[in-house]
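Trainee: Please walk me through some features of this model, one at a time. Give me the general idea, then the case.

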Amino acid sequence: MLSLILLTVLGGGSLAMDSRFSMQMNKTVTVQEGLCVFVPCSLSYPREQWTVDTPAYGYWFKHSQWFGITTELPVATNNQSQNVQGDAQGRFELVGSPQNKDCSLLIRQARWSDRAYYYFRIERGTYVRYNFKDVMFSLNVIETRQMASHVSVLTLTPRPEDHGTDLTCRVHFRKGLSTENTIQLNVAYAPKGLSISVSKVKGSALEPQGDQPCLEAQRGQFLRLLCAADSRPPATLSWALEDRVVSWSQTSASGGLELVLPEVKPEDAGRYTCRAENRLGFLNRTLDLSVQYAPERLRVVVSQANRTVTEHLGNGNGTPLPVLEGQDLRLLCVAHSNPPALLSWAQGGQTLHPSQPSDPGVLELPQIQREHEGEVTCHAQNPLGSQRASLTLLVVYKKEATSGGVSNGAIVGAGISALSFCLCLILVIMKTLRKKQTQAETGTQAETQRPRPTRRSTILDYVNVVPGTRHLAWSWKAKRESRSRTPPTDVNSLQLKDNQKRCHASHGSPGPRSSHQAPESRNEQEELHYAALNFPGLRPWETQESKDAGSEYAEIRFH
């Protein structure tokens, strides 16, 4: 309203000598430097050109003159739109209501520079505008050293419970003068008394955890945690699991900060930290949560022949596991549980003892043999339950392993049958070569008329039979000299049929037993010295057709 008030010298306008304007207050006020003083004041003014609803504004000025004009800002006023002197702001306050004709003044933290005369101005309506310069009071500020004998020192250490209480200092001087100052204690302190309370049943009361740093809960259980602390200003509260904040509050409420776990899971386990912090400090408290549950996710890790196969076998029943005979086998049983499960191995109702008693989950079976076949079971158990996982060991023998990708049993059976049949054919051929002369002619004719080997050729087209050791030199020489001779095919055919019947009447053994099954003449038996069948270099990858289109048969030699 008025940033600069221009008032006439001493008079306050045409109303300067109006007797209807009056004021009552002490003409001298004394205060000690740094203290406060209350100046009671009342006034009266005429009721002209204003009503009961007309606002009344009062102004206290520090008196000074320059060419008869007051040009300073007030030190206190109830007019909110009026500026006041900067050094008086917050220290000088018009506590009385000019509308009720009260002009009392309060001065706080008096300064040596405050010594001066002070007067009051009233404004209400268009007529009442008056400066009471004829009734001023003098403010006398006394330095502290002049009242050393009247200084009272109070030393105290505020407690948290002292927050918000009033502390008043009152001084009485001679001649009835007194002064006082009241302050309200604002006690601030860092968080203290941090506590954690726990409830394990929904709707039940919380129970303090006390000094116990650990808490156990079962999977699926309800859990409620409460963190609370005392601090001023109010602290910020937070819950963290390991290094991850899971709950947070801007400011702490009277009830603290809750963390609710409706159904506890194994992954909820870990170290929970409650933290309370304000500008004066912080406080932490930890709680280790252990979630208990029965064994689960049981699995067996199988290691064999420098390779590892992981099988997830929770409650599995006899999963087949082929193992090569003589191979080392290592089984590792792994289970998730809390408390840790007791692991054990069994086979056929008998307990297997691990090679490392300190690590019962490891079972090592070196050089697998026939007696290792059967179901091997890993059993995991703790007070909350158990779980099993089993494997059925199938021992594969080395001679069966040369199948080259075909079933081992089928290949072995087929090989034995083929070998027996071939040996029978050899015996049939040997019986047809009874005479030395017939042998030479047969060899020459066979060399001359031997057909070109094809895929449909029989084993008779490839077999070389040597009747006796003394005739080994005959083999190729006789062929070169007697290419034109041919054996009597009718005799051979009859003898072949006769010998085949005798071969099929045998026991089917893979060994060459035909020499002991049919009676022959002494001379014929002496001519037979040995017969052998040799399969050189048969390997699994050679069971398929050769890539060479021109190769149609493999060589078979008999010695």
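Mentor: Begin at Pro339, in the loop between strand 25 (329-338) and strand 26 (342-347). Helices (H or I, at least four residues) and strands (E, at least two) are DSSP runs, numbered from the N terminus. The model is predicted: local features need pLDDT of at least 70, side-chain atom pairs count only at pLDDT 80 or more, and totals for chains, interfaces and linings use all residues. Residues are numbered from 1 along each chain as its sequence is written, and side-chain values use heavy atoms, with hydrogens and water left out.

Trainee: Which residue is joined to Pro339 by a cis peptide bond?

Mentor: The general idea: most residues other than glycine have a negative phi, and most peptide bonds are trans. Here the bond from Asn338 to Pro339 is cis, with omega near 5°. Arg232 and Pro233 are also joined by a cis bond, with omega about 0°. Pro233 is in the loop between strand 17 and strand 18 (236-241).

Trainee: Which residue other than glycine has a positive phi near 50°?

Mentor: That is Gln367. Look for Gln367 in the loop between strand 28 (362-365) and strand 29 (374-382). Gln109 is a non-glycine residue with a positive phi too, about 45°. Its loop runs between strand 8 and strand 9. Gln109 has 52% relative accessibility, so it counts as exposed. The cut-offs: buried is under 20% relative accessible area, exposed is over 50%, and partly exposed is in between (1.4 Å probe, protein chains only).

Trainee: What are the totals for helices and strands in the protein chain?

Mentor: The chain has five helices and 30 strands. Of its 559 residues, 37% count as buried. Now contacts, meaning heavy atoms within 4.5 Å. Take those with a separation of 6 or more: residues 24 or more positions apart account for 66% of them.

Trainee: How many aromatic pairs does the model hold?

Mentor: A pair of aromatic rings is described by the distance of the centres and the angle of the planes. Rings of Phe, Tyr and Trp (its six-membered ring) pair if their centres lie within 6.5 Å; planes under 30 degrees apart are stacked, over 60 edge-to-face, the rest tilted. That rule gives 10 aromatic pairs. One of them is Trp60 with Phe137, edge-to-face at 5.5 Å between centres and 75° between planes. Trp60 is in strand 5 (residues 56-62) and Phe137 in strand 11 (residues 137-142), 77 residues apart. Trp60 has 0% relative accessibility, so it is buried. Phe137 is also at 0% and therefore buried. Ring pairs link Trp60, Phe92, Tyr118, Phe120 and Phe137 into a cluster.

Trainee: Which residues have the most contacts inside the largest nonpolar core?

Mentor: A nonpolar core is a set of buried Ala, Val, Leu, Ile, Met, Phe, Trp, Tyr and Cys residues joined through side-chain atoms within 4.5 Å. The largest one has 36 residues, and Met23, Trp60, Phe120, Ile122, Phe137 and Leu139 have the most contacts inside it. Strand 9 gives the most to this core, four residues. A second, separate core has 22 residues, among them Val198, Leu215, Ala235 and Leu259.

Trainee: How many salt bridges turn up in the whole structure?

Mentor: Side chains of opposite charge can pair when their charged atoms come close. A salt bridge is a side-chain nitrogen of Lys or Arg within 4 Å of a carboxyl oxygen of Asp or Glu. The search finds 16. In one of them, Arg224 meets Glu258, with the closest N and O atoms 2.4 Å apart. Arg224 is in strand 17 (residues 223-232) and Glu258 in strand 20 (residues 257-261), so the pair ties together parts 34 residues apart in sequence. Arg224 is buried, at 17% relative accessible area. Glu258, at 38%, is partly exposed. Arg271 and Asp288 form another salt bridge, 2.8 Å from N to O. Arg121, Glu123 and Arg129 are linked in a network of salt bridges.

Trainee: Which ring lies under the charged end of Arg275?

Mentor: Here a charge sits over a ring if NZ of Lys or CZ of Arg is within 6 Å of the ring centre and within 35 degrees of the ring normal. Arg275 has its charged end over the ring of Phe282, 4.1 Å from the centre. Lys101 lies over the face of Tyr45, 5.3 Å from the ring centre.
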